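Visitor: I am new to protein models. Can you show me how to read one?

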Amino acid sequence: MFVNMMRSAVMCAFLLSLALMVNGCDVGERGPKSSVPSSSLDGTSSESASSSSTTSSVTASTTSSVTAAGYPGGYRATTVIDDLRIPWEMRFIPDGRLLITERQGRVLLAEVRSGTTTEIGHIAVLADGEGGLMGLALDPDFPESSSVYVSYTYSEDGNALNRVSRFTITGLDGPTPGLDSETILVDGIPAGSIHNGSRVAFGPDGYLWVTTGDSGKGDLAQRLDSLAGKVLRMTTDGKVPPGNPYETQPYPFALIFTLGHRNPQGLTFHPHTGQAYVTEHGPSSDDEINKLQMGGNYGWPNLRGRVNRAGFIDPVMTWSPTIAPAGTLFYSGATLSELTGALVFVTLKESDLRVLVPTDEADFLTVADEQILFDEEFGRLRAVAQGPEGALYVGTSNFDGRGDPRSGDDRIICVDRAE
Ligand SMILES: [Ca+2]
């Protein structure tokens with residue numbers, strides 16, 4: 001009898017907790033650490049984007065219908081984690097906790113419900129300029145596999161280089177989780193004080209994809225004997241997967257999947273086609289979103305933006321002047337269901353969250369509408385993730401030397417719908 005009552009009580013508590021999570025940001029009993037005003041979404045079209053500080057190349061033929069039908073309400077933004085230093089990437093693990101990399105080398109495990117963070121490891125990185133500890137990806141079999149993959153800058157004989165490594169997370173369910181057993185997958189990737197790429201993500205093909213920057217040396221982006229200015233595709237052991245386009249090149253150059261990139265800072269995969277997309281920093285003009293085609297040449301440093309030139313692949317979108325697009329994802333949750341199929345990304349320079357609504361949800365070829373959210377409200381934004389309950393989480397980057405840190409920075413902010 002007692003056991004049954006206990007079971008019922010546990011079940012009720014469980015259902016209650018589920019109900020509390022329906023709206024997205026699971027801030028728990030403590031309440032939000034701090035709240036900011038909701039931003040209205042209506043009327044933020046690509047036209048208004050153009051009239052602010054950037055010029056978008058979007059053709060907004062269906063803007064009004066999308067805006068009117070899709071965004072009737074406002075969003076809510078709640079700080080769930082604060083006092084971070086340059087969070088570069090964040091990934092939710094299946095139990096709802098959040099793994100975060102900070103550029104100085106810390107790896108944190110955070111509970112967004114309580115706002116607590118635990119340092120589980122500190123990787124010895126060269127945190128110089130834009131380099132340091134950057135990308136983070138979970139093994140597709142996590143947590144059955146306890147492997148995570150990171151990209152970071154290190155120093156060798158006075159040279160800055162980037163590498164991709166696999167680590168094991170130990171004691172995940174215990175009181176003292178840790179980071180252990182580094183295996184270097186690829187190293188010697190050219191690095192610099194600027195343009196390090198380093199977003200890492202698993203594709204639906206089960207392979208690890210890695211963006212690299214041109215390291216400040218544009219010519220390297222066109223060379224097949226350099227890993228700079230590329231997108232790489234590799235196995236979980238850093239080996240060349242079957243079907244890579246340059247597989248006859250000597251290792252590690254056979255890892256190259258695409259070339260001619262300047263500084264791709266975001267990487268995600270389309271939910272229907274499985275194709276990879278990157279956000280990419282242009283020089284003073286032509287930030288880009290590129291759809292990656294195997295073996296494709298994306299032009300840098302000889303070409304930028306849309307050029308319609310044989311042998312080169314034009315971007316899906318460009319922005320001039322630049323906005324510095326960073327972390328990106330295709331939204332697929334229920335909390336903000338009107339964003340389903342949209343490409344969501346954050347920007348550093350323009351300090352906003354952007355939503356690109358595709359003309360056709362089945363593929364991301366052209367953009368019907370561009371929404372600009374939270375413009376300048378939180379400062380520079382570098383990372384974005386979708387929570388298990390469907391809220392969006394964005395990470396600020398105000399301590400990166402180009403921002404204006406405010407009280408509580410850097411922060412992870414949860415975005416859901418206002419009640
Ligand atoms: Ca290009």
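Guide: Start with contact. Two residues are in contact if their C-beta atoms, placed from the backbone, lie within 7 Å. Keep in mind that this model is predicted.

Visitor: Which residues does V344 touch?

Guide: Leave out residues up to four places away in sequence. V344 then touches T328, L329, Y331, L339, L353, V355, V384 and L392.

Visitor: What should I look for in a nonpolar core?

Guide: In soluble globular proteins, nonpolar side chains tend to be buried together. Here the largest nonpolar core has 102 residues. W209, V344 and V394 have the most contacts inside it. Strand β8, residues 133-138, gives the most to this core, with five residues.

Visitor: And how do I read a sheet?

Guide: Strands of a sheet pair through backbone hydrogen bonds, either parallel or antiparallel. Take the open sheet of four strands in the order β20-β21-β22-β23, where the pairing is antiparallel. Its edge strands are β20 (325-330) and β23 (367-373), and each pairs on one side only. Neighbouring strands of this sheet are turned by 20 degrees against each other on average, direction ignored.

Visitor: How many bridges join β20 to β21?

Guide: Four, and the two strands run antiparallel. Strand β21 covers residues 343-347. Look at T328: F345 in β21 stands opposite.

Visitor: Which residue of β15 stands opposite V231?

Guide: T258.

Notes
Residues are numbered from 1 along each chain as its sequence is written. This is a predicted model: local features need pLDDT of at least 70, side-chain atom pairs count only at pLDDT 80 or more; totals for chains, interfaces and linings use all residues. Two strands pair if DSSP finds at least two bridges between them. A nonpolar core is a set of buried Ala, Val, Leu, Ile, Met, Phe, Trp, Tyr and Cys residues joined through C-beta atoms within 7 Å. A residue is buried if 20 or more other C-beta atoms lie within 10 Å of its own, exposed if 12 or fewer, and partly exposed in between; C-beta atoms are placed from the backbone. Axes are lines fitted to C-alpha atoms, for helices over the stretch in contact, and angles run from 0 to 180 degrees between N-to-C directions.
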